[in-house]
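This report goes through one protein model and its ligand, moving from the ligand surroundings to helix packing, selected residues and backbone geometry.

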Amino acid sequence: MHVEGNPRVLDGVAIAAEIKAEVAQEVAAARTKGYTPGLAVILVGEVPASQIYVRSKVKTCGELGIYSEMLTPPASSTTEELLAMVDALNKRDDIDGILIQLPLPDHVDTNQLLDAVLPEKDVDGFHPINAGRLLSGAAPNEVLAPCTPAGIIEILKRSNIPMSGQRAVVIGRSNIVGKPVASMLINESATVTICHSRTRDLATITREADILVAAIGRPGYVTPEMVRPGATIIDVGINRITTEAEVERFFPGNAKRREGFEKRGSTIVGDVDPAAFAISGAFTPVPGGVGALTIAMLMSNTVKAAKLRRKG
Ligand code: NDP
């Protein structure tokens with residue numbers, strides 16, 4: 001039972017570690033069957049943030065025993081050149097997953113490139129075939145679902161938060177987070193409402209949620225008045241705040257946050273005002289919540305892709 005003022009913190013870092021340990025075991029089992037799951041990451045040009053993400057993906061592959069390859073074509077590459085690169089990876093038997101790090105340079109046709117990845121190697125789960133399979137209610141172990149939504153479902157399942165029959169409200173309708181997480185919640189038998197920037201009377205809807213997912217991209221947008229006491233809050237947002245006023249508003253009296261802000265000139269806040277966490281039953285912190293799961297789910301998808309393609 002929920003005791004107000006005593007919410008559970010859903011620890012994404014611990015859950016990610018658990019998933020990675022399971023993936024490492026599956027990789028070891030695959031090796032005994034004579035194959036090593038393999039991931040290719042295409043990083044176009046030199047975007048510093050993307051370089052950091054890609055390096056940590058490659059590093060995690062190494063830690064779990066997954067074969068990985070990083071391809072770094074120059075920013076001047078044409079769509080045709082990149083399509084040829086994807087085609088070559090599609091044909092390779094040692095590559096189970098292909099990830100194209102976004103964003104791509106403006107002159108490249110991102111959709112054409114994402115659609116060129118074979119659906120069975122689409123470990124990002126962005127291909128229309130995989131999006132369609134998810135919508136059609138494919139079993140979780142038979143579809144490559146996008147990593148962030150898949151991570152959200154793992155957090156809920158592993159924290160024993162019931163989904164079946166629960167009211168879930170998702171704020172955000174992007175193809176990367178909002179829509180796929182809504183599909184996955186429906187597949188888990190939740191009753192789902194999707195809200196977005198045109199939704200009227202948002203707070204009335206969000207207050208009905210047993211599970212509230214915020215994927216908006218606005219710092220601290222969800223305030224306590226929008227939350228039913230005891231609800232589970234999944235905060236997907238990652239927003240960098242850079243002003244004293246924002247730090248004071250979201251983290252009053254929080255010495256650790258202030259120290260970090262003074263050191264770096266910024267700190268991260270989610271789409272939920274931390275004051276709203278205080279009345280929840282459970283919540284994912286930012287950082288250390290949903291974001292922590294993304295790489296673990298990519299690793300899990302790579303092994304899943306390898307198994308599905310080899311039928312075991
Ligand atoms: P998008 O910008 O693609 O989508 C944002 C959604 O929020 C849109 O559907 C938009 O509505 C809706 N929205 C915007 N303003 C409002 C408002 N005032 N009221 C209600 N709805 C609103 O973002 P993403 O889905 O890609 O990402 C969302 C957040 O999650 C971001 O903070 C991003 O950084 C973070 N993120 C975190 C990840 C992680 O690993 N933790 C991974 C991916 C994203 P409309 O469609 O009408 O414009």
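Around the ligand there are 21 residues, of which R173, S174, S197, Y221 and T294 come nearest. The model is a predicted one, and local features are taken from it where pLDDT is at least 70.

| Side chain | Ligand atom | Distance |
|---|---|---|
| S174 | oxygen | 2.6 Å |
| R218 | nitrogen | 3.0 Å |
| T294 | oxygen | 3.0 Å |

**Helix packing**

T294 also takes part in a helix contact, between α6 and α12. Helix α12 covers residues 294-310, and its axis comes within 8 Å of that of α6, with a crossing angle of roughly 100°. The two helices are therefore roughly perpendicular. On the α6 side the contact involves C147, T148, A150, G151 and E154, and on the α12 side T294, M297, L298 and N301. By class, these residues are four nonpolar, four polar and one charged.

Helix α6 (residues 147-158) also packs with helix α1 (residues 12-32): their axes come within 11 Å and cross at roughly 100°. Because of that angle, α1 is roughly perpendicular to α6. From α1 the contact draws on I15, E18, I19 and E22, while α6 supplies E154, I155 and R158. This contact has three nonpolar and four charged residues, and no polar ones. E154 is listed in the contact with α1 and again in the contact with α12.

**Buried polar and charged side chains**

Which side chain makes a polar contact with the side chain of D96? The partner is R310, at 2.6 Å. D96 is placed in the loop between α3 (79-91) and β4. Its relative accessibility is 0%, so D96 counts as buried, the cut-off being under 20%. Leaving out residues up to four places away in sequence, D96 touches T36, P37, G38, E120, K121, T302, A305, A306, R309 and R310.

Q101 lies in the loop between β4 (97-100) and α4 (110-116). With a relative accessibility of 8%, Q101 is also classed as buried. The side chains of Q101 and K57 are joined by a polar contact of 2.8 Å. Beyond residues up to four places away in sequence, Q101 touches I42, L43, S50, Y53, V54 and K57.

**Partly exposed and exposed positions**

S68 belongs to strand β3 (residues 67-71). A relative accessibility of 21% makes S68 partly exposed. Apart from neighbours within four places in sequence, S68 is in contact with L39, V58 and C61. T242 is 174 residues from S68 along the chain, and the C-alpha atoms of the two are separated by 36 Å.

N175 is located in the loop between β5 (167-171) and α7 (178-187). Is N175 buried or exposed? It is exposed, with a relative accessible area of 56%. The side chain of N175 forms a polar contact of 3.0 Å with that of K179. N175 and A131 are 44 residues apart in sequence, with a C-alpha to C-alpha distance of 8.7 Å.

**Backbone geometry**

Two cis peptide bonds can be described. The bond joining L102 and P103 is cis, with omega about 5°. P103 sits in the loop between β4 and α4, the loop in which Q101 lies. The peptide bond from V286 to P287 is also cis, with omega near -5°. P287 is in the loop between β11 (282-283) and α12.

Positive phi values occur at two non-glycine residues described here. N160 has phi near 55° and is found in the loop between α6 and β5. At 67% relative accessibility, N160 counts as exposed. D201 has a positive phi of about 55°, and its place is in the loop between β6 (191-195) and α8 (202-206). D201 is exposed as well, with a relative accessible area of 53%.

Key
Residues numbered from 1 in each chain as written. Predicted model: local features only at pLDDT ≥ 70, side-chain atom pairs only at ≥ 80, totals over all residues. Heavy atoms only, no water. Axes fitted to C-alpha atoms, helices over the stretch in contact; angles between N-to-C directions. Helix = DSSP H or I, 4+ residues; strand = E, 2+ residues; numbered from the N terminus. Parallel < 35°, antiparallel > 145°, perpendicular 65-115°, else oblique. Contact = heavy atoms within 4.5 Å. Nonpolar A, V, L, I, M, F, W, Y, C, P; charged D, E, K, R; others polar. Buried < 20%, exposed > 50% of the residue type's maximum accessible area, 1.4 Å probe, protein only. Polar contact = N/O pair within 3.5 Å; in protein donor to acceptor, adjacent residues only side chain to side chain. Near = heavy atom within 4 Å.
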